[in-house]
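Please look through the sequence and the model below before reading on.

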Amino acid sequence: MLSVLFLLVAIQTPARVEPRTGEWHAELTSPNGPLPFTFDLSRDGERLVTRIHNGSEIVEVPDSRLEWITRTSADGGPSDMLGFVVFDFPHYEAQVRASIEDGGSTLTGEWRKRAGPDRWTTLPFQARAGSKARFDVEPDEPKKIRPTVVGRWRVRFEKDDLPAVAIIESASGQNGITGTVLTATGDYRYLAGNASRGVLHLSCFDGAHAFLFAGEVQTDGTLKGTFSSGDRWTDTWTAVRDEHAQLPDEMSHAHWNDGFGLAQLAYPDLDGNLVSLGDARFAGKVRILQVTGSWCPNCHDETELLAKLDHEYQGKGLSITALCFELTGEHGRDSAQAKKLLGRHGAQYLGLLCGRSDRALAQQALPALDTVFAFPMTVFLHKDGRVRAVHAGFSGPATGAEYDKLRTQFHSIIDELIAEPQPKPSIQAAQITGGLWRDERDRTFTSFERGEDGAWHFTSLEMTRFDGPTRTDPVDSGIAVIDGSTVRLGSTVLFYDAHADVMLDARDVAHRYTPASRSPFPHVDGAGYSEMPLILEGLTSTDVVRRRDSTFYLALQIVQDRHTPPEFGGGQLDPGLAVNLLPLVTDADVQVRATACWAAGVVGLDKAIPVLVASLGHGFAPVRREAARALGSLHAVDALAQLQKMSTEDDDPLVRERAGASAQSLRAAPPARK
């Protein structure tokens with residue numbers, strides 16, 4: 001009886017068919033045809049180990065596993081087990097999932113990688129156990145000279161205005177070749193393939209990249225071919241043999257705008273805490289800002305190098321900060337991916353979540369760069385916060401000598417910056433500490449004096465009040481630190497704008513300090529103006545600082561005139577002046593735009609509501625923050641749902657706070673003014 005029971009259990013338990021171990025030949029079905037790569041499967045105890053091969057590169061899949069589904073036949077017959085192999089690349093949010101077929105010798109499924117908030121890159125996947133050439137090629141004819149594709153080539157892609165460089169080398173196997181393509185935005189990493197009779201094929205798959213090149217030598221000795229990436233990008237290319245081909249200078253593609261101070265740039269860290277790039281922790285240090293993203297393989301290559309540089313130079317005064325641009329805009333998901341990027345390479349330096357990887361939004365979020373030209377980008381800064389160089393793109397280990405050259409260059413710049421003496425007090429520091437400053441928002445006067453400890457100290461006293469007793473003890477006091485254009489008054493971080501001779505609080509457009517020795521009107525490059533025609537003229541100036549400050553002071557004039565009784569000179573301004581602010585709410589400059597969003601709210605510019613709502617999706621957090629504040633002031637109840645969503649989901653804690661306050665006021669607000 002017992003033996004019968006064992007027999008029944010054996011009959012009823014479906015058999016599991018596992019994939020064969022050893023070498024496999026795989027293909028993705030790309031827009032330009034089959035994209036092959038090879039991998040091998042092995043066992044480490046119960047763990048499935050998968051290694052993908054792209055020439056000399058071996059990519060160990062972080063998480064390989066088998067999954068099973070019990071499948072019962074429709075006619076009630078015996079069930080079976082449907083097996084799947086899963087290759088997970090969590091640092092890229094990518095996965096291959098394929099069913100196990102033909103007794104474990106075939107895999108059929110799909111590669112899937114996140115490409116945006118609501119989009120995935122997908123390609124069909126199939127693999128067969130056994131080894132074979134990466135591409136099927138016809139053998140070269142004996143004793144007949146065929147043009148070789150090995151060498152260095154100057155490349156032009158039809159859809160790219162910038163030149164590229166291809167490096168192709170011989171490799172083992174049947175007419176094997178390997179290589180890479182260097183572009184201004186980064187290299188195409190490890191390509192492998194075959195070439196014969198003047199025809200070449202190269203491919204790469206590493207979990208994130210799915211590259212396929214095909215080309216043929218033309219009668220004039222040039223190359224011509226096609227290229228595909230992922231599931232939709234295709235291009236054509238031509239190449240001319242040039243053993244001296246080089247890319248344009250990687251330091252020439254992007255530049256830092258000195259009109260921005262580090263104190264104006266603040267982003268949440270990977271745990272949600274807002275960090276100013278003018279924070280005290282960076283004072284006096286050589287700095288590297290890494291513009292990066294976990295979705296970008298070149299960024300992983302650079303992070304691996306920077307993690308080593310951080311370990312080598314941290315004790316010598318180097319500070320590295322990763323400015324992470326991720327795919328979705330969902331704080332929890334994006335911060336988790338950024339942590340995976342840093343953790344994968346053992347990087348111990350600070351990571352900040354700066355926004356979406358969309359180029360236009362990234363440019364808005366990091367306006368100190370004139371262009372977010374590539375991912376990654378690397379900004380080197382002197383100890384006083386001035387920018388030494390901006391490097392675009394990254395030539396990784398696949399480029400061989402180019403990578404060695406880049407490492408040497410990075411080392412050289414860091415050594416140069418560390419060797420520089422600590423900066424002496426600047427002329428700006430003397431201008432800041434030499435006089436009394438008026439804080440219009442908090443109604444205080446702030447003065448500076450050198451303490452016995454050698455540090456600068458500040459004291460803020462209340463202005464004379466007419467609605468009650470004036471406070472005589474300090475409203476605020478403490479240590480003042482002046483670090484280049486960054487001024488830290490206790491916990492308040494300000495940017496000193498020498499062009500306007502004002503100190504600006506990046507956390508609140510309405511908060512600024514003006515020298516008490518002059519009137520609170522625009523003062524640009526030494527010339528002040530208070531006449532209304534000049535203020536209105538300033539709104540259309542090509543000078544960004546003049547547009548920004550004219551916007552600010554027009555709003556103040558309108559508000560002051562409205563609240564001043566006629567017997568004291570109020571009511572003199574034309575109420576229609578406020579409409580002059582409307583074009584500034586969509587200004588291309590983010591400082592002007594943020595100021596105009598605030599101004600639209602304080603003057604009650606209802607016509608600005610549609611563009612303020614659009615500004616809630618802007619990449620620069622101060623624009624979103626001030627737009628949210630203005631919509632609350634304007635009783636824009638139609639924006640309530642969007643503000644409520646922002647109050648819990650926006651990356652920036654100040655935006656969440658401001659959106660929440662506006663949403664709360666709107667829930668109890670009267671209907672919008674007509």
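**Salt bridges and cores**

In this predicted model, the side chains of Lys-339 and Asp-271 meet in a salt bridge, with 3.0 Å from N to O. This pair links distant parts of the chain, since Lys-339 belongs to helix 3 (residues 331-344) while Asp-271 sits in the loop between strand 19 (266-268) and strand 20 (274-276), 68 residues apart. Lys-339 is partly exposed, with a relative accessible area of 41%, and Asp-271 is exposed, at 59%.

Another salt bridge joins the side chains of Asp-301 and Arg-189, again with 3.0 Å from N to O. Here, too, distant parts of the chain are linked, for Asp-301 lies in helix 2 (residues 297-313) and Arg-189 in the loop between strand 13 (186-187) and strand 14 (191-196), 112 residues apart. Asp-301 counts as buried because its relative accessible area is 8%, under the 20% cut-off, and Arg-189 is likewise buried, with a relative accessible area of 8%.

The structure holds 45 salt bridges, and a network of them links Arg-441, Asp-442, Asp-508, Arg-625, Glu-626 and Arg-629.

Turning to the nonpolar residues, the largest core has 88 residues, and those with the most contacts inside it are Leu-323, Phe-325, Met-377, Leu-612 and Leu-643. Helix 9 (residues 590-603) gives the most to this core, with nine residues. Apart from this core lies another, of 31 residues, including Val-85, Ala-98, Leu-107 and Phe-135. Leaving aside residues up to four places away in sequence, Leu-643 touches Leu-616, Ala-628, Leu-631, Ala-659, Ser-662, Ala-663 and Leu-666.

Definitions and conventions
Residues numbered from 1 in each chain as written. Predicted model: local features only at pLDDT ≥ 70, side-chain atom pairs only at ≥ 80, totals over all residues. Heavy atoms only, no water. Core = buried A, V, L, I, M, F, W, Y, C linked by side-chain atoms within 4.5 Å. Buried < 20%, exposed > 50% of the residue type's maximum accessible area, 1.4 Å probe, protein only. Helix = DSSP H or I, 4+ residues; strand = E, 2+ residues; numbered from the N terminus. Contact = heavy atoms within 4.5 Å. Salt bridge = Lys/Arg side-chain N within 4 Å of Asp/Glu carboxyl O.
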